[in-house]
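User: I would like to learn how to read helix packing in a model. Can you take me through one case?

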Amino acid sequence: MDKRRVTNNIRKLRFHHNEMTQEQLAEQVGVTRQTIIAIEGGKYAPSLELAFRIALVFGVPLEEVFGYTAEDGSA
Amino acid sequence: MILCYYLFNWVQMYQEEGLNSAVIFRLWVIVIVAGILLTILGTILTNIVLSIAHAIKTQTNTEPRFIEDERDKLIELKGVRVAYVTFSVGVLIAMITFALGQPPLIMFSLIVLFSVIAEIIGSIAQLHLYRRGVQYG
């Protein structure tokens with residue numbers, strides 16, 4: 001099985017939503033700011049429920065927030 | 001602190017009168033009860049101090065958000081697993097010493113010692129996971 005990892009566009013989406021801060025996003029989805037930092041930095045892959053909550057805040061489908069790409073960069 | 005108290009009393013007793021089972025069992029009970037009480041007291045005091053520090057830093061009277069989310073719970077679970085494995089190894093070592101002919105007091109003392117070591121290693125593992133990041137599985 002090829003190695004894949006969860007990627008995300010949270011930083012970009014925050015920027016496009018009135019430059020939402022990590023703290024604001026954290027409050028809206030009910031986690032700590034440290035968890036948002038860890039997700040953005042690729043150090044933590046969130047649960048499916050949290051992933052859906054984040055997508056809901058931005059009003060976009062899940063695939064626009066998270067990706068599952070191969071570690072060598074191919075899709 | 002409790003470990004220091006325990007070791008200090010243990011060494012003192014060993015030097016003065018040898019290992020007396022009645023006294024060392026009393027010491028053992030004191031250490032366990034003190035450990036439980038101090039943990040509860042420490043948690044309450046930490047929360048009070050953190051709330052005061054938060055109020056001073058933010059200059060507001062709002063409730064601080066000390067929430068534990070899914071990442072905290074995952075890290076805590078992994079930390080507990082590390083502590084459990086460490087304690088299991090400790091119990092095994094303690095039982096081996098007993099099987100090799102050491103007195104039961106050595107076994108019980110090793111179990112107490114490893115329970116403290118396991119807690120410390122579990123906490124270190126949690127700190128490490130907070131720094132390095134954590135994944136499911």
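This is a predicted model: local features need pLDDT of at least 70, side-chain atom pairs count only at pLDDT 80 or more; totals for chains, interfaces and linings use all residues.

User: How are two packed helices described, in general?

Analyst: The description uses the angle between the two axes and the distance between them.

User: At roughly what angle do the axes of H2(A) and H3(A) cross?

Analyst: Helix H2 (residues 22-29) and helix H3 (residues 33-40), both of chain A, cross at roughly 110°. Their axes come within 8 Å. Angles of 65 to 115 degrees count as roughly perpendicular, so H2(A) is roughly perpendicular to H3(A).

User: Which residues of H2(A) and H3(A) meet?

Analyst: From H2(A), Gln22(A), Glu23(A), Leu25(A) and Ala26(A) take part. From H3(A), the partners are Arg33(A), Thr35(A), Ile36(A) and Ile37(A). By class, this contact has 4 nonpolar, 2 polar and 2 charged residues.

User: Which residues of H2(A) are buried?

Analyst: Leu25(A), Ala26(A) and Val29(A) are buried. They lie on the same side of H2(A), because they cover an arc of only 100° around the axis.

User: What do the buried residues of H2(A) pack against?

Analyst: They pack against three helices of chain A: H1 (10-16), H3 and H4 (48-58).

User: And between chains, how many residues does each one bring to the contact?

Analyst: Chain A gives 10 residues and chain B gives 8 residues. On the side of chain A that touches chain B, 5 are nonpolar, 4 polar and 1 charged.

Terms used. Residues are numbered from 1 along each chain as its sequence is written. Chains are lettered from A and ligands numbered from 1 in the order in which they are written. Two residues are in contact if their C-beta atoms, placed from the backbone, lie within 7 Å. Ala, Val, Leu, Ile, Met, Phe, Trp, Tyr, Cys and Pro count as nonpolar, Asp, Glu, Lys and Arg as charged, and the others, Gly among them, as polar. Axes are lines fitted to C-alpha atoms, for helices over the stretch in contact, and angles run from 0 to 180 degrees between N-to-C directions. Helices (H or I, at least four residues) and strands (E, at least two) are DSSP runs, numbered from the N terminus. Angles under 35 degrees count as roughly parallel, over 145 as roughly antiparallel, 65 to 115 as roughly perpendicular and the rest as oblique. A residue is buried if 20 or more other C-beta atoms lie within 10 Å of its own, exposed if 12 or fewer, and partly exposed in between; C-beta atoms are placed from the backbone. The arc is that of the directions from the helix axis to the C-beta atoms.
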